[in-house]
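These notebook entries record what I looked up in one structure, in the order in which I took the topics.

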Amino acid sequence: MWKILLGFVVFAALAIFVLMKGGDIDMGGEKHGADAMHVPEAASAAAAASAASQ
């Protein structure tokens, strides 16, 4: 029984370590409305508009 508990604690510590080192990770779930803005789409749209004007 203690081996299961030890395995869980080690796995949880490893998971927390990986999440902390991962950078900006949003664990908030699915976003709707103003929170659902995606910056890469705006950058690609600006690049497409720039290419179209040339």
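Entry one, the chain. I noted at the outset that the model is predicted. I looked up the secondary structure and found 2 helices and 0 strands. I then asked what share of the 54 residues is buried. The share of buried residues is 0%. The chain exposes about 5,100 Å², and carbon and sulfur atoms supply 70% of that area.

I located H1 at residues 2–21. H1 has 20 residues and spans 29 Å from its first C-alpha to its last, which is close to the 28 Å expected at 1.5 Å a residue. The number of buried residues in H1 is 0, so the helix lies largely in the open. Just after H1, I found Gly-23 with a positive phi of about 95°.

I looked up Trp-2, which belongs to H1. Trp-2 has a relative accessible area of 60%; because the cut-off for exposed is over 50%, I recorded Trp-2 as exposed. Trp-2 forms a nonpolar surface patch with Leu-6 and Val-10. Together, Trp-2, Leu-6 and Val-10 have about 350 Å² of accessible area.

Definitions and conventions
Residues numbered from 1 in each chain as written. Predicted model: local features only at pLDDT ≥ 70, side-chain atom pairs only at ≥ 80, totals over all residues. Heavy atoms only, no water. Patch = residues over 30% accessible without salt bridge, like charges linked within 9 Å, V, L, I, M, F, W, Y side chains within 5 Å. Areas by Shrake-Rupley, 256 points an atom, 1.4 Å probe, with all protein chains shown as cover. Salt bridge = Lys/Arg side-chain N within 4 Å of Asp/Glu carboxyl O. Helix = DSSP H or I, 4+ residues; strand = E, 2+ residues; numbered from the N terminus. Buried < 20%, exposed > 50% of the residue type's maximum accessible area, 1.4 Å probe, protein only. Expected span 1.5 Å × (residues − 1).
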